[in-house]
Structures are given as structure tokens and as C-alpha cells.
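Good morning, and thank you for joining. Please look at the sequence and the model as they come up, and I shall then go through the packing element by element.

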Amino acid sequence: MPLVVLAVIVSLTGHAVGAAASGWALALAACAGACALARVRALGLLVALLVLGLAGAGRASAARWRDAACTTAMLERARTDSLIVVPDVDAAAGDRVPGRARLPWCALAVGIRARGALVGGTAYRVALAPRMGTRRPIVELRGTPAPDARTSVLARWRAAAARRISARFGPDAPLVNALVVADVHELDDAIRTRWARAGIVHALSVSGLHVGIVAGVLALVAQAAGAAPGRAAALSFVGVGAYVLVIGACAPAVRSAVMFGAVAAARARQRPVSPWAALALGAWIPVLVDPAVPLDLGWQLSVGGIAALEGAGRLCRTLGLEGS
């Protein structure tokens, strides 16, 4: 097993245990079990891996504590003063959209129930107490714009892209917004049902398929403009990174962008590409942003599915069944 893959497995194990509040003893046991399965015998490497796993568990535990403290602080602040809330996308009265509530020392993902028209990426000052009983608190927002507060440039770009799509595509705009900028709040339930019955409802969530299409289009455009393959790959990676940031840097898109970047860098330097190392990096980088990602079912299914496909392909090649 490549060392980078083993290190990522141990780190992810520590993050998962820490995010689940399972305790340091279980984190240590889980990391030691991963090292034992990989047959790590070098004492220095074993200690380094165990420290890496415990560091992941500590980071996830600290993030869980910080989120709980942030939620409590926001509830107290909302009772006595105003909050700054930034919706991710535009919303009309009655819409429910994602957003973030901010204090000077923390930010928290919230659901926003709009009581009036809201502009994505714009900071609003709201004095209504949010309901803090769910994983994503709900804020009923009919606040006033807060021009003195910092606003999200990326959220404004995303909202502007959604507005342009709405103006150009008319009645099909909700579906295009879902497929292009990951804005699903206007998507009709009938569309979701039809796509679910067709078995392709996962395509409505921006993930590896969408990132791959964007990367392929950018690389083709760069090569058509005369760029060498290596430069075209680098330019497409830069474009994909910008796209992923604008749509909110959701974990599936970040994972796909990192895997694409790892493969592109290896090919640009004419080095062999390790699919396991690319998958390990793609699975690990989103955890640096959100330590609770390993507990997400979508992350588990995606990473497990890619690993199963790669493992099955290698097994078929070993048994000589490839192409049969």
C-alpha cells in the first residue's frame, strides 16, 4: 500500500472518530488497527501514523466543540442584538435557501426562510432569534442590508451567474441552475421525482460528473487555442478550481477537482499515475475544510464506490478477465 494512501486512511479514521465524539481511546485503537492491517512494522513510521490519526481526531473534536459553542453564542446574540446573515443565492418571499450566519469569531451554516426578496452574497442584519434545534439552524430573514459588514465575493458571483441563467433560460432556469451552479432551491418536486424514477437524481447534485465535463471543455478549448497538452491541463485545472469555489466548494466537487489536479500534475511531469493516491488525496482534502465530512453518507458512498471500481478493475486484470 502506498505510504500516502496509508497516511490518508489513518487521518480519515481519526477525523471520523473525533467527529462522531467516540473518544480518544477508540481513535487510538482505530488508527492502530489501520496500521496493523497495513502491516506497519517500522516503529518510527507507526508512531508518526498514530500521531497523525490522533491529530485528526483532535481536530474533528475541536471543530465539533467550536460549532456547538458558535451555535450557543449565536442564539444568545440573536436574543439581545442583531446577527449578520448572508444568503448563498437570491431568494423570493417564501423561499428557503442556504446561507451563513456570522459572528466576529465564527460562522455557521444556516437555512434561511425568506420573508422578502433577498440578494445572494449580500449581508443582512437580522434581529429575529433563529431556531437552533437542528443540524442546520433556520433563520426567518426579513432584515435590512448591512453595508458595513463583509460580504462574500464568491457568493455574489454565484448569485449573479444564477440571475443570468434565469434571464436566458426562462422556465428551464431552475434545472440549469441546479446542474451548473448547484442552486436547487427553485427546483420543482416533480422534476426531482422524474429524475429519481429515471435513476439519475444524483446528477442534480454537482459532483464529479459536472467537474469532469467542465475540465474536459476547458482543456479542449485551450488545446484548440494552440496550448500544449501540459499547459492545457494546467489551465483547465485553474478554471475548474475557480468553478468549484464559485459554486460553494461542496465536498464532492472539491474531491473531483483534487483528483483531476493530481492526475494532471502527474501526467504533466510524465510520472505514473497512482489511482489510489489520487483517490486518497481527493478524499482527504475536503476533510481539511470540514472535519465532519467522513460521516457524510454521500462522501462514504462516492469514495467507497470509486475504490470498489478500481479494486474490481485490478482484480479483473489479475485474473485475466479484462475485456471478456
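This is a predicted model: local features need pLDDT of at least 70, side-chain atom pairs count only at pLDDT 80 or more; totals for chains, interfaces and linings use all residues.

Helix 4 (153-169) is among the elements that cover the buried residues of helix 5 (residues 173-181). Those buried residues are Ala-173, Pro-174, Val-176, Asn-177, Ala-178 and Val-181; buried means under 20% relative accessible area, exposed over 50% and partly exposed in between, with a 1.4 Å probe and protein chains only. Helices here are DSSP runs of H or I with at least four residues, strands are runs of E with at least two, and both are numbered from the N terminus. After helix 5 comes Ala-182, which has a positive phi, near 60°.

Residues are numbered from 1 along each chain as its sequence is written, and side-chain values use heavy atoms, with hydrogens and water left out.

As for the whole protein, there are 11 helices and 6 strands. Of its 324 residues, 37% count as buried. The accessible surface, by the Shrake-Rupley method with a 1.4 Å probe, is about 17700 Å², and carbon and sulfur atoms hold 64% of that. A contact means heavy atoms within 4.5 Å. Among contacts with a separation of 6 or more, 61% are between residues 24 or more positions apart.

Let me turn to the strands. How many of the 5 residues of strand 1 (residues 83-87) are buried? The count is 5 of the 5, so strand 1 is largely enclosed by the rest of the structure. Leu-83, Val-85 and Pro-87 lie on one side, with Ile-84 and Val-86 on the other, and both faces are covered.

Two strands pair if DSSP finds at least two bridges between them. Strand 1 runs antiparallel to strand 4 (residues 124-126), with 3 bridges, and Leu-83 has Val-126 as its bridge partner there. Strand 1 is also antiparallel to strand 2 (residues 96-103), through 4 bridges; here Ile-84 is partnered by Arg-102. Strand 2 in turn pairs with strand 3 (residues 106-114) in the antiparallel sense over 8 bridges, one partner pair being Val-97 and Ile-112. Strands 2 and 3 form a hairpin with 2 residues between them.

Finally, the helices around helix 9 (residues 251-268). Axes are lines fitted to C-alpha atoms, for helices over the stretch in contact, and angles run from 0 to 180 degrees between N-to-C directions. Helix 7 (residues 208-224) packs on helix 9 at an angle of about 45°, with the axes 8 Å apart. That makes helix 7 oblique to helix 9, given that angles under 35 degrees count as roughly parallel, over 145 as roughly antiparallel, 65 to 115 as roughly perpendicular and the rest as oblique. In this pair, Gly-208, Val-211 and Ala-215 of helix 7 meet Pro-252, Ala-253, Ser-256, Ala-257 and Phe-260 of helix 9.

Helix 8 (residues 229-246) packs on helix 9 at about 170°, with the axes 10 Å apart. Helix 8 is therefore roughly antiparallel to helix 9. From helix 8, Ala-233, Ser-236, Phe-237, Val-240 and Val-244 meet residues of helix 9 including Val-254, Gly-261 and Ala-264.
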